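Here are some notes to read beside the model. Please keep the sequence open while you go through them.

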Amino acid sequence: KAAELAKTPGGAGKLAIAVGATGRDPKSFGGTDLLAAINSTYDAGTNQYGKDAIGHAFAILGLHFAGADVPQAAVDRLRALQGPEGGWAFTGETTPRSADTNTTAVAIQALLVRGESAEGDTLKRAVAYLLSQQNGDGGFPYQKEGEFGGESDVNSSAYVAQAFLAL
């Protein structure tokens, strides 16, 4: 299943994190070189891995945790995809109200591992965005006013909890 998961930079990045956490080699897992899979999606013109922001963030995380090089331009690209409300959108859109909690949480983690300060403007704005999305039950939706409904869900709440733990 590794080759199937590695078809996108996000999938390869997620798997590289898990493989590294178990002490396995992400360069040779299930017959797949996960780092090569991630790097094959890098576009030097846009400085982005793949087509969407969440995949780009997961690619940065996967490479980082595997001890591989991550171009500073890729980190700068992720920072540039932050929207006006402080969050990141799955697609990389930067228009108002396009941000979501999941992509924002993964972007926060990717920026932190690459040296972004939790006290800097970028991450302070991201935290403010996440807090603006929190529901009265303490959980988080994908987007408070998004097409998927504003109810808290375990996936979004877990992503946000991971970002807060990383911060």
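**Notes on two helix regions**

1. At the start of H4, a side-chain oxygen of aspartate 52 comes to within 2.6 Å of the backbone nitrogen of glycine 55. A polar contact is a pair of N or O atoms within 3.5 Å, and within protein one must be able to donate a hydrogen and the other to accept it; residues adjacent in sequence count only if both atoms are side-chain atoms.

2. This is a predicted model, in which local features need pLDDT of at least 70 and side-chain atom pairs count only at pLDDT 80 or more, while totals for chains, interfaces and linings use all residues. Residues are numbered from 1 along each chain as its sequence is written, and side-chain values use heavy atoms, with hydrogens and water left out.

3. H4 covers residues 53-65 and has 13 residues. Helices (H or I, at least four residues) and strands (E, at least two) are DSSP runs, numbered from the N terminus. Just after H4, glycine 67 has a positive phi of about 80°.

4. Of the 13 residues of H4, 11 are buried, so H4 is largely enclosed by the rest of the structure. Buried means under 20% relative accessible area (1.4 Å probe, protein chains only). Among the buried residues are Phe58, Ile60 and Leu61. Their packing partners as a group include helix H2 (9-21) and helix H8 (154-166).

5. The axes of H6 and helix H7 (residues 121-133) come within 10 Å and cross at roughly 155°. That makes H6 roughly antiparallel to H7 (angles over 145 degrees). Residues meeting across this pair include Ile108 and Leu111 in H6, and Ala126 and Tyr129 in H7; contact means heavy atoms within 4.5 Å.

Methods
Expected span 1.5 Å × (residues − 1). Buried < 20%, exposed > 50% of the residue type's maximum accessible area, 1.4 Å probe, protein only. Axes fitted to C-alpha atoms, helices over the stretch in contact; angles between N-to-C directions. Parallel < 35°, antiparallel > 145°, perpendicular 65-115°, else oblique.
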